[in-house]
Structure formats: C-alpha cells, structure tokens
Amino acid sequence: MLIDVLIATIVVSGLCFNVESVCNEEDHTAYTAFSGQVVSKNHPNNYANNYCGYYKIKLPQGNVIQTDFTEYNTENNYDFVYVYDGPVSPATQIKKFTGNLPDGHENPARIISKTNELTFKLTSDASIGKYGFKFNYSPRCGQDLTSTYGYLTSVNFPNNYNNNEVCWYHITIPTGNQVRVDFLAFHTEDFDKLYLYNGDIDAHDSSKQLAIVKGDRNGIVEVYKRSDPGFNKISIRFVSNSNGATGPGFFLTYRPYVSGCGNDKGAFGGYYNYPIESPNYPNYYGTHIDECIYYIRASPGKKVKITFQAFHTEYYWDPLYVYDGLMLWSGIDDPPQKAKLSGSGVPSPITSTGNIMTLKFTSDYSVTRPGFKINWQSI
C-alpha cells in the first residue's frame, strides 16, 4: 500500500557461492526507520569467508541519503565493499572500498547519494575475514527526477521536516510535455515556503516563479500547478527557517499535463462541491487519452459520494474507473476498484469507504462521445 512507499526500507541479503556470484536473498532483514544504523553480517565478529551480501537503503522519492561510517575493516585488496547509487548495475557503481578507515584506498567516512536508493555489497574471498563495517544513515533533501510519472515528499514525511533546510528538487519529463504537479498533502509553518519555477534552475529567479505555497493547504481547493507551455522541466525549492515549529511538509505527484484532463479546477482540495467533467465536456472528448486522473477528498472522517448527472462514453473501449482510495498512477499500489463504467445511461451513485476517491478516464484511438458530468459531496 501507499504507506509502504512512504517508509524507508533497508534489506540485507546474504550468502552466495563465491565472490564473483550475484548475491542471493537467503539472509533477509528489513529496517523501517527513516534513519538508523547498518552493520555487516556478524559484526563486531568477522564476516564469513566466501561471503556476498547486499545492504539496501531506500527512502521516499524527494530524499537523498547520507551515510557516515563509524567502523570499517576488510581484508585489504581481497575483500571489498561496492556502493551503488540506485539499483545494482555497473552504471550505478559510485564507490569501491577495501582495507580499513585510515588506510583504505578511499575513505568511506561519508557518502551522499544522488537518488533515493543506496546499495552496499560486501564480498570476501576464501580466507581472512575482518569485522566489516558499521555506519549510520539519514535522509537529506533534494533530488533530480526524470520519470514520466512520479511522486516526491519532503524529508521525513509524514513526520515533521527539519528546521534550517534549503532543498532543491528538479523534475524533467519527456520533451513536448508540460509538467503537472498535484499536492496531495501540504502542511508547513507559515514562515516555511515551497517555491515552484519553470525550467531547471538552482537559484531563485522571480521571472520563472510559478507559485509560492505555504501553511496548511490540506483543505484548500487550489492544489494543482503546471509549468508554462514549452517547459518540460520544473524546479521546486523548499525553505524552512532556523527555529520554531515545523510540519509534515508535502507529498506531491507529477505527470504530463493534458488540457481539460483531471483536476483542472483543483479537485483534490477538500470541502468543496463542484462538478467533475470529462475533457471538453459537453462536447466530445478526444482520442488516445492515456490517464485522466481526478482526485476527490472529503473532510476527515467523512466519505465521498459521487452522483452522475450525465454519462456517455464509447462502450467498453473508453472506461471510467472508480477507485476506493488514493491511486497515484496505474500499477502503483492501486486501491480497490469500485466500478468500471462505459457506454450510455446514468450510473447509480457511488460512495467511498474512506475520505478519498480516485477517478481515472481513458479513451482509445477512435470513436468519442460527450463523456460525463459528476457531482460529489462529503457525507
């Protein structure tokens, strides 16, 4: 589920046949804290001969990882620690250590990732084991994101972010698209602000500024922003002051913007009753709509009820999906599906079990219809 995505996970996986083999998953330990300590197998005793183990740290997107080694000792030139910035592959390897802290080929005392995932692989030969390593890890803010769809959070989310932070995030989607950002949660102290900019920048530029967001916006209707035409990149700067209260921060998703598609009227904001319409309604919607997503949130402790005022789509080929909960994008922790609707005729009202409902509309390459108009309320 979504909460699993928002919690850091570390996996330690163990023995393999020899140093050259890919580590297997026989020895598996998971850590769920955003920060903590990682130790090599058997530490402070020696690791085994012919050992191969992966130590994986993964934080929510929007965080990078800082590690600080307090102990490190391997057999020099025979036993190694490899570090990968992201999933394990030759392209992501950023470090290789052997020996001990003061005399190793490269001191591993501090490592800062560029992604939200770090993987450590310890390998040993057939003789002379050492006590291995011990290090602490913690999240740091800022990340470059390049997937077409994605999400990011403030550091520690849903727990409070830290004081005295300046965090830069850069989102790049395929050329020819505008970037759409939806804030699914936002709560900061009034003096702590999030700035959105057109393009890929690393310093404040008022000429490229799209918006400033601050305070408790969880009940405010205006929670979606997009880059200007011609910009497939967006930069986000989050600044917290040096003292005082903090808050949970933010959780947002991003994807390509499609005119008239999704919550152009700010649908994820709470406590407002306004119609949700298909693109171009009451005229015919377009062809080849990939994922037109509408988020609806009722007030806390309430449920969402949707009532159809009109409904006409191409039968079978152009469905409207109704999900009981929050769906980020297809295939990622999909909540239960309440309905799949297509054709003509007005469907019966649908009520969620919690306070969030997601609608997703898609169309194929031919034959369109007027679409739909839906009212919703918090009950």
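Contact here means heavy atoms within 4.5 Å. The structure is a predicted model, in which local features need pLDDT of at least 70 and side-chain atom pairs count only at pLDDT 80 or more, while totals for chains, interfaces and linings use all residues. Residues are numbered from 1 along each chain as its sequence is written, and side-chain values use heavy atoms, with hydrogens and water left out.

**Overall make-up**

- The protein has one helix and 27 strands; helices (H or I, at least four residues) and strands (E, at least two) are DSSP runs numbered from the N terminus.
- Of its 379 residues, 51% count as buried, where buried means under 20% relative accessible area, exposed over 50%, and partly exposed in between (1.4 Å probe, protein chains only).
- Among contacts with a separation of 6 or more, 81% join residues 24 or more positions apart.

**Ser363**

- Ser363 sits in the loop between E26 and E27 and is buried, with a relative accessible area of 7%.
- Not counting residues up to four places away in sequence, Ser363 touches Tyr285, Gly286, Thr287, His288, Ile289, Trp317 and Asp318.
- Its side chain reaches the backbone oxygen of Gly286 at 3.0 Å, and a polar atom of that side chain lies 3.0 Å from the backbone nitrogen of Ile289.

**Ser240**

- Ser240 is in the loop between strand E18 (233–239) and strand E19 (249–256), and is buried at a relative accessible area of 5%.
- A polar atom of the Ser240 side chain lies 2.8 Å from the backbone oxygen of Asn162, and the side chain also reaches the backbone nitrogen of Asn164 at 3.2 Å.
- Leaving aside neighbours within four places in sequence, the residues in contact with Ser240 are Tyr161, Asn162, Asn163, Asn164, Glu165 and Asp192.

**Asp182**

- Asp182 belongs to strand E14 (residues 179–187) and is buried, with a relative accessible area of 1%.
- The side chains of Asp182 and Arg180 make a polar contact at 2.8 Å; such a contact is a pair of N or O atoms within 3.5 Å, and within protein one must be able to donate a hydrogen and the other to accept it, with residues adjacent in sequence counting only if both atoms are side-chain atoms.
- Tyr254 is 72 residues from Asp182 along the chain, yet their C-alpha atoms are separated by 6.4 Å.

**Nonpolar cores**

- A nonpolar core is a set of buried Ala, Val, Leu, Ile, Met, Phe, Trp, Tyr and Cys residues joined through side-chain atoms within 4.5 Å.
- The largest core has 24 residues, and Ile306 and Leu359 have the most contacts inside it.
- Strands E21 (292–297), E22 (304–312), E23 (320–323), E24 (337–341), E26 (356–361) and E27 (371–378) each supply at least two residues of this core, and the largest share, four residues, comes from E22.
- Not counting residues up to four places away in sequence, Leu359 touches residues including Ile276, Cys292, Ile306, Val322 and Ile374.

**Surface patch**

- Tyr315, Tyr316 and Trp317 form a nonpolar surface patch with about 440 Å² of accessible area together.
- Tyr316 lies in the loop between E22 and E23.
- Patches are made of residues with over 30% relative accessible area and no salt bridge, like charges being joined within 9 Å and nonpolar side chains (Val, Leu, Ile, Met, Phe, Trp, Tyr) within 5 Å; a salt bridge is a side-chain nitrogen of Lys or Arg within 4 Å of a carboxyl oxygen of Asp or Glu.

Definitions and conventions: Accessible areas come from the Shrake-Rupley method with a 1.4 Å probe; for residues, only the protein chains shown count as cover.
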